[in-house]
Amino acid sequence: MNNDIVILAIESSCDDTSAAVIKNGILLSNVTAGQEAHQLYGGVVPELASRAHQQHILPVVDTALKKAGITQEDISAIAVTLGPGLMGSLLVGVSFAKGLAIALGVPLIEVNHLQGHILAHFLKTEGEELETPPYPYLCLMVSGGNSQIVRVDAYNKMGIIGQTIDDAAGEAMDKCSKVMGFGYPGGPIIDKLARQGNPTAFQFAKPNIPNYDYSFSGLKTSFLYFLRDQLKDNPNFIEENKEDLAASLEKTIVDILMKKLEKAAKDTGIKHVALAGGVSANTALRTAFQAKGESGQWKIYIPKFGYTTDNAAMIAIVGYFKFLDKDFCPIDKPAYSRTTL
Ligand code: KG4
C-alpha cells in the first residue's frame, strides 16, 4: 500500500495563479503564472484578474503535476486558498479545487492565505538543509494588503498582536511610486532605485501610535505634500532626485516596521523572528533583519524570494500540516474575501 501523502495546492487569491505539489512535506513543484494586464492600470483590476485566472488555472495545475512527476491518482488531498482575497479570483481556484476533489474522491483542505505566508518558512525541497523557526516565533507579515506582527504558537495557533490601522506597507510603496509616475507594482521599482540613492536625503512623517500597531497613511500624505511643494520650484524635482526619494521613502518605511517589531520582540521576550509577504523581498528590510541576526539579538528567518510573493507552495505546506491532523474542509464551505488569522 502506498502511504505517501501528496498534496496538490492551488492559490488564486489576487493576481497570481499558482499550483504546487508537496509529497511527505517535501516540495516537488511550484508553478505560478503572473498577470501583466494590470500594469497599465497601476493596480490589480479584479475583473481582469478573474478572467486571467480562468485562462491560467488548467495549464498551471497541469504543469505543476508534470513537474512533480505526479499523476492525478497519486493525489491524497487538494489544498486551496479559501480567503482572504478578491472574491472573483478566489472563486476560480476554489471552484477548480472543489471540482477536482469531488472527481478524484479526495478531501479538500482550506487554507488561509495569510497563514500560508507565515508558514512559508517550513517549505523544504529534496535534500535541502533548512532551519525552521521553533514555536513561539514572531512574524512580520508585510504585503500589499497587510502589515501585521503575528505571534505564532503552532501551525494552527497564531494571533495578530499589531497591525496597520490604515494602509499596508506595500500599499504605501505602491501609492508613492504611482505619485512619482513610476510603474506598478511600486515596491520593486522603489527598491531598485533606492540602491543608488541616499536614504537620509529627505525626511518624511513617521506615525506616533500606541502598542504594536502601524500606520502608513500619514507618511503617504507627507510624501505627497513634500513633492507638491518641491515641484512648484523645480518641475524636474522627481526626475533629478528619484534615487534619493526612493531611498528615503524606503528607509522611513523600514524604520517604522522595525521599531514596532523590536518593541514586540522585547516585550514578549521572543527572539525567533521571521519575515513574510511580498514586501519581505525588499533589500533594505532584509538588511535591517540581517543586522538583527548578526548582532545576536534575534534568530532570524527570511523567506526565499520565490516564497515572498503569492505562491501555492506556501498553501501546500499548510495543507500538508492539516492533512496530518485530518483537518478537512466541508465541500460546500464558501470562499471568503475578508478574515483575520
Ligand atoms: O504578498 P504580495 O505578493 O501580495 C499581496 O499583497 O497579497 O505583496 C505585494 C506587495 C506589493 O505592494 C509590492 O509593491 C510589494 O509587495 N513588493 C515590494 C518588493 N517586492 C514586492 N516592496 C518593496 N520592495 C520589494 N522588493
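Aromatic pairs first. There are 14 of them in this structure, which is a predicted model.

Take Phe202 and Phe226. Their ring centres are 5.2 Å apart, with the planes at 55°, so this pair counts as tilted. Where do Phe202 and Phe226 lie? Phe202 is in the loop between α5 (186–194) and α6 (217–233), and Phe226 is in helix α6 itself, so the pair ties together parts that are 24 residues apart in sequence. Both Phe202 and Phe226 are buried.

Next pair: Phe289 and Trp298. This one is edge-to-face, 5.8 Å centre to centre, with 70° between the planes. Again, both Phe289 and Trp298 are buried. The charged end of Lys292 sits over the ring of Trp298, 5.1 Å from its centre. Likewise, Arg286 lies over the face of Phe305, 4.1 Å from the ring centre.

There is also a cluster. Ring pairs link Phe122, Tyr135, Tyr137, Tyr155, Tyr320 and Phe321.

Look at β2, residues 17–23, and β3, residues 26–33. Those two pair antiparallel over seven bridges. Ser18 stands opposite Thr32 in β3.

Which helices lie across these strands? One is α2, residues 87–104. Another is α9, residues 313–324.

Conventions:
Residues are numbered from 1 along each chain as its sequence is written. This is a predicted model: local features need pLDDT of at least 70, side-chain atom pairs count only at pLDDT 80 or more; totals for chains, interfaces and linings use all residues. Side-chain values use heavy atoms; hydrogens and water are left out. Rings of Phe, Tyr and Trp (its six-membered ring) pair if their centres lie within 6.5 Å; planes under 30 degrees apart count as stacked, over 60 as edge-to-face and the rest as tilted. Helices (H or I, at least four residues) and strands (E, at least two) are DSSP runs, numbered from the N terminus. Buried means under 20% relative accessible area, exposed over 50%, partly exposed in between (1.4 Å probe, protein chains only). A charge sits over a ring if NZ of Lys or CZ of Arg is within 6 Å of the ring centre and within 35 degrees of the ring normal. Two strands pair if DSSP finds at least two bridges between them.
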